[in-house]
Structures are given as structure tokens and as C-alpha cells.
Amino acid sequence: MLMTGRTHDLAAVTALAGVLLIEPVAHMSLATLLLALLMNQIGGIAPDIDQPTAPFWRNLPVGGVIGRVIDKLLGGHRFLSHSILGIGLFGVASYWLLMFIHPLMPGVNVPYVWYAFLIGFVSHLVMDTFTKEGVPWLLPIPIKFGIPPLKKLRIATGKTAETFLIFPLMFVVLAWIVLSHYQGIEAFLRHGITK
Ligand SMILES: [Zn+2]
């Protein structure tokens, strides 16, 4: 079973907000802000590219078909994109892609957008680590890690715990971050957005 895309989307943006608390950004262009938010969300569901039933595939027109092919190849388990190696591969590929399209959008700060993507990506793996299936962080070493280590205590995805505990909890964290830094966020929106 999978965590819902909704949970991963929220986790990605919460992680991004958390990083911005520690490492505030004074200025960025509107294009950078919007693309960073988009890439953060894509990063939040991208690891499920190896999970055929994932929202990542469901949301694409021919995704169902491609997803089923990948399911056959990988056996439907969390695989390469759910590992440190996967972070490296997707990190390199996404940076390369961003640099490739950068000439089309010169006003965009590529590193910011890239970090936003990576933050979303890593947040996904962290969230999955709390689920029963665990995450094979050290692939090709085929051990799945989970928190807590005892499987019984972990979350069954798509079930009550995710809907009524994890999702609301994450929402509270995000709301707390936003509300407790409201003035700073407002100041950023007024003065921090450059051309
Ligand atoms: Zn996943």
C-alpha cells in the first residue's frame, strides 16, 4: 500500500517551509517562487515513479499502462527511487534538466528550484519510512528500514492513521510554521519578490 499523494504533497511543502525557517531566503523572483513550489510538489511524488499504482502514474494520460509495465519489471515494491542512490540519480537528472531549460527562463534561480525539488523528494522517503513496508534506503543492499523498527507499530498507509493522524499532524505543523512567521512571510511577499 502507498501513502496517498495528498499526504506526500503536504509533507513536501511542510519540509520546504521547515528548511526555509532554518535557511531563510531574502529575495527571489516570482518565476523562481512558482517553479520552486511546483518542483517541490513534483519531488514529493517523484519517488513513486517505481510504484505503478501511485498518483504519479495515475495522473498521467497513459500512466496506467506504463505503471503496469513498471509494476511487472519491479514487482510492485519500493525500489531504486526509494533509496539514497535514487536521490543521487534523480538529483543529477533534475539538475541537468533544469540547466537544459534554463535558457528559456533566465529569471529563474536554478539552485533554489533544484533544492525545492530535492527537499520534496527526500521528504517522501522520510514519510514512507514510517509505513509498514519501509524504505530500502541503502539499495542495492536490499534491506528495508522503518521507524519504529518494529513493523507492527508503523503506519498502515491509506488507513485511519494516515487520514486522521499523519495528515492532520502535518497540517498543524505547516499551519504553525506559517502563523508563527506570518510577519516575515508577509514582508517577504511584499519586498522579497524581485523581477
Ligand atoms: Zn513512495
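Helix 1 (residues 5–22) packs against helix 7 (residues 160–180) at an angle of about 30°, and their axes are 10 Å apart. Axes here are lines fitted to C-alpha atoms, for helices over the stretch in contact, and angles run from 0 to 180 degrees between N-to-C directions. Helices are DSSP runs (H or I, at least four residues), numbered from the N terminus.

This is a predicted model: local features need pLDDT of at least 70, side-chain atom pairs count only at pLDDT 80 or more, and totals for chains, interfaces and linings use all residues. Residues are numbered from 1 along each chain as its sequence is written.

Back to the first pair. Helix 1 and helix 7 are therefore roughly parallel to each other; angles under 35 degrees count as roughly parallel, over 145 as roughly antiparallel, 65 to 115 as roughly perpendicular and the rest as oblique. Their crossing is left-handed, meaning that the near helix is turned anticlockwise from the far one by less than a right angle. On the helix 1 side the contact includes L10, V13, T14 and A17, and on the helix 7 side it includes I166, F167, M170 and L174. Contact means C-beta atoms, placed from the backbone, within 7 Å. By class, this contact has 13 nonpolar, three polar and two charged residues. Ala, Val, Leu, Ile, Met, Phe, Trp, Tyr, Cys and Pro count as nonpolar, Asp, Glu, Lys and Arg as charged, and the others, Gly among them, as polar.

Next, helix 2. Helix 1 and helix 2 (residues 30–45) pack at about 130°, with axes 8 Å apart. That makes helix 1 oblique to helix 2.

Now the core. Which residues have the most contacts inside the largest nonpolar core? They are L16, A36, M39, V113, A116 and F117, in a core of 22 residues. Such a core is a set of buried Ala, Val, Leu, Ile, Met, Phe, Trp, Tyr and Cys residues joined through C-beta atoms within 7 Å; buried means 20 or more other C-beta atoms within 10 Å of the residue's own. Helix 1, helix 2 and helix 6 each supply at least two residues, and helix 6 gives the most, with seven. M39 touches V113, A116 and F117, leaving aside residues up to four places away in sequence.

Last, the prolines. L139 and P140 are joined by a cis peptide bond with omega about 10°, and P140 sits in the loop between helix 6 (110–129) and helix 7. The bond from I147 to P148 is also cis, with omega near -10°, and P148 lies in the loop between helix 6 and helix 7.

Technical notes: Contact = placed C-beta atoms within 7 Å. Buried ≥ 20, exposed ≤ 12 C-beta atoms within 10 Å, placed from the backbone.
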